[in-house]
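Biologist: I am new to this structure and would like to learn how to read it. Could you take me through a few features, with the general idea ahead of each case?

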Amino acid sequence: MSRGQQEDRRAGALLQRRRLLAGAVLVPVLAGAGVAAACSGSTALSEPVKGKPAKPVPTAETDWQDVAKTLGRAGTLIRGEYHHTAFPRGDLHVVSQGVIVRPALALGSHVSFVRYSDGMTMAMGDLVVTECELQSLSDAVHAQGFTQTAIHKHLLAQNPDIWWTHIHGHGPDPVALARGVRTILDHTDTPPPARQSAPVPLELDTDGIDAALGAKGTSDGGVHSCIFVRRETITDGGRVLPSGLGATTSFTFQPLGDGRAALNGDFAMVAGEVQNVLKALRRGGIDLVELHNHGLTDEPRLFFTHFWAVDDAVKLARALRAAVDATNNAPATDGVA
């Protein structure tokens with residue numbers, strides 16, 4: 001055997017050994033990931049599901065009783081397709097640009113559950129966390145087998161620093177998913193449900209806001225909100241999203257007196273709409289906060305921008321309408337996401 005052949009053989013043996021060592025390292029890592037998913041009953045949506053997209057199946061309130069019990073609070077069935085639970089951060093006292101932010105304006109964690117035709121359930125949520133809570137909660141998201149799909153801000157110059165993170169997972173057992181969500185939330189100081197109080201009329205021209213936006217809004221929690229949904233069918237991880245889930249444009253007005261309001265919300269856009277929306281918001285005197293994604297595998301690919309303003313509420317609504325008109329969004333028929 002020539003010297004060159006000997007060197008080639010030694011190089012081949014070394015390469016094979018490196019491959020074996022790499023495989024040995026990966027085995028416990030992959031095994032650990034499998035254990036986390038099995039313990040939570042959740043499978044992170046890191047890969048799109050192959051084949052024809054699974055569709056949501058209709059459900060009733062009774063189908064979600066065990067999920068509500070596990071989460072420790074009642075939810076709402078939206079259009080018979082998904083179970084939505086809110087976790088407002090009433091424990092936080094947040095000030096942004098001199099405005100005391102109500103939980104209903106920008107401090108509401110929420111998680112939704114959808115059952116699918118293939119027997120799986122998906123959980124999708126957006127969680128409000130303090131900067132001190134963020135890393136511990138992120139670790140819990142991963143340990144429970146959920147995917148963390150976004151980390152971002154909704155507010156400018158807030159005190160204390162607040163972050164928002166999106167979570168996403170699916171599995172055969174909705175109660176196991178709910179247990180995972182509950183474990184994740186236990187890494188925050190999210191308070192138990194507050195007692196419902198009688199609604200108080202808002203010092204705000206809600207009719208003028210609705211007329212300017214061409215949408216019927218709802219008033220709750222001391223704020224007025226108008227919701228728009230994408231007209232296209234959106235899929236995520238190879239699953240069709242119910243209309244309004246994970247693809248909403250929302251505007252929330254918190255009255256400040258004399259017809260003025262603090263405005264917060266976000267826009268759902270495809271890539272070709274982004275620049276027109278940003279320009280329309282700025283022409284209306286609305287500040288831009290973030291431009292980012294909420295999901296990782298959505299089709300068509302969606303981008304979201306969060307924004308903030310303090311001004312006459314109806315004037316702001318007119319500016320928002322110009323931005324809406326630059327997108328393929330339509331008012332939610334029942335005023336809810």
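Biologist: What is the mean pLDDT of the protein chain?

Modeller: pLDDT is the predictor's confidence in each residue, from 0 to 100. The mean for the protein chain is 87, and 84% of its residues reach 70 or more. Residues 1-41 have a pLDDT below 50, and beyond near neighbours in sequence this stretch has 17 contacts in the model, a contact being heavy atoms within 4.5 Å. Over residues 45-49 the pLDDT also stays under 50, with twelve contacts beyond four places in sequence.

Biologist: What should I keep in mind as I read on?

Modeller: This is a predicted model, in which local features need pLDDT of at least 70 and side-chain atom pairs count only at pLDDT 80 or more, while totals for chains, interfaces and linings use all residues. Residues are numbered from 1 along each chain as its sequence is written, and side-chain values use heavy atoms, with hydrogens and water left out.

Biologist: Why is H5 described as largely enclosed by the rest of the structure?

Modeller: Buried means under 20% relative accessible area, exposed over 50%, and partly exposed in between (1.4 Å probe, protein chains only). Nine of the twelve residues of H5 are buried, so the rest of the structure largely encloses this helix. Among them are Pro174, Leu177, Val181 and Leu185. At the start of H5, the backbone nitrogen of Val175 has a side-chain oxygen of Asp173 within 3.0 Å.

Biologist: And strands? Which strands are joined to S15 by bridges?

Modeller: Two strands pair if DSSP finds at least two bridges between them. Strand S14 (residues 248-257) runs antiparallel to S15 and is joined to it by seven bridges; Pro255 has Ala261 as its bridge partner in S15. Two residues lie between the strands of this hairpin, where Asp258 takes a positive phi near 55°. Strand S18 (residues 303-312) is also antiparallel to S15, with ten bridges joining them, and Phe307 in S18 is the bridge partner of Gly265. S15 itself (residues 260-269) is mostly covered, with nine of its ten residues buried.

Biologist: How many salt bridges does the structure hold?

Modeller: Side chains of opposite charge can pair when their charged atoms come close. A salt bridge is a side-chain nitrogen of Lys or Arg within 4 Å of a carboxyl oxygen of Asp or Glu. The structure holds eleven.

Biologist: Which residues are linked with Arg89 in a network of salt bridges?

Modeller: Arg89 is linked with Asp91 and Glu133. Arg89 meets Asp91 at 2.8 Å, N to O, while the closest N and O atoms of Glu133 and Arg89 are 3.1 Å apart. Glu133 lies in helix H4 (residues 131-143) and Arg89 in the loop between strands S2 (82-88) and S3 (94-96), so this pair ties together parts that are 44 residues apart in sequence.

Biologist: Is Arg89 buried or exposed?

Modeller: Arg89 counts as buried, because its relative accessibility is 0%. Glu133 is buried too, whereas Asp91 is partly exposed at 34%.

Definitions and conventions
Helix = DSSP H or I, 4+ residues; strand = E, 2+ residues; numbered from the N terminus. Polar contact = N/O pair within 3.5 Å; in protein donor to acceptor, adjacent residues only side chain to side chain.
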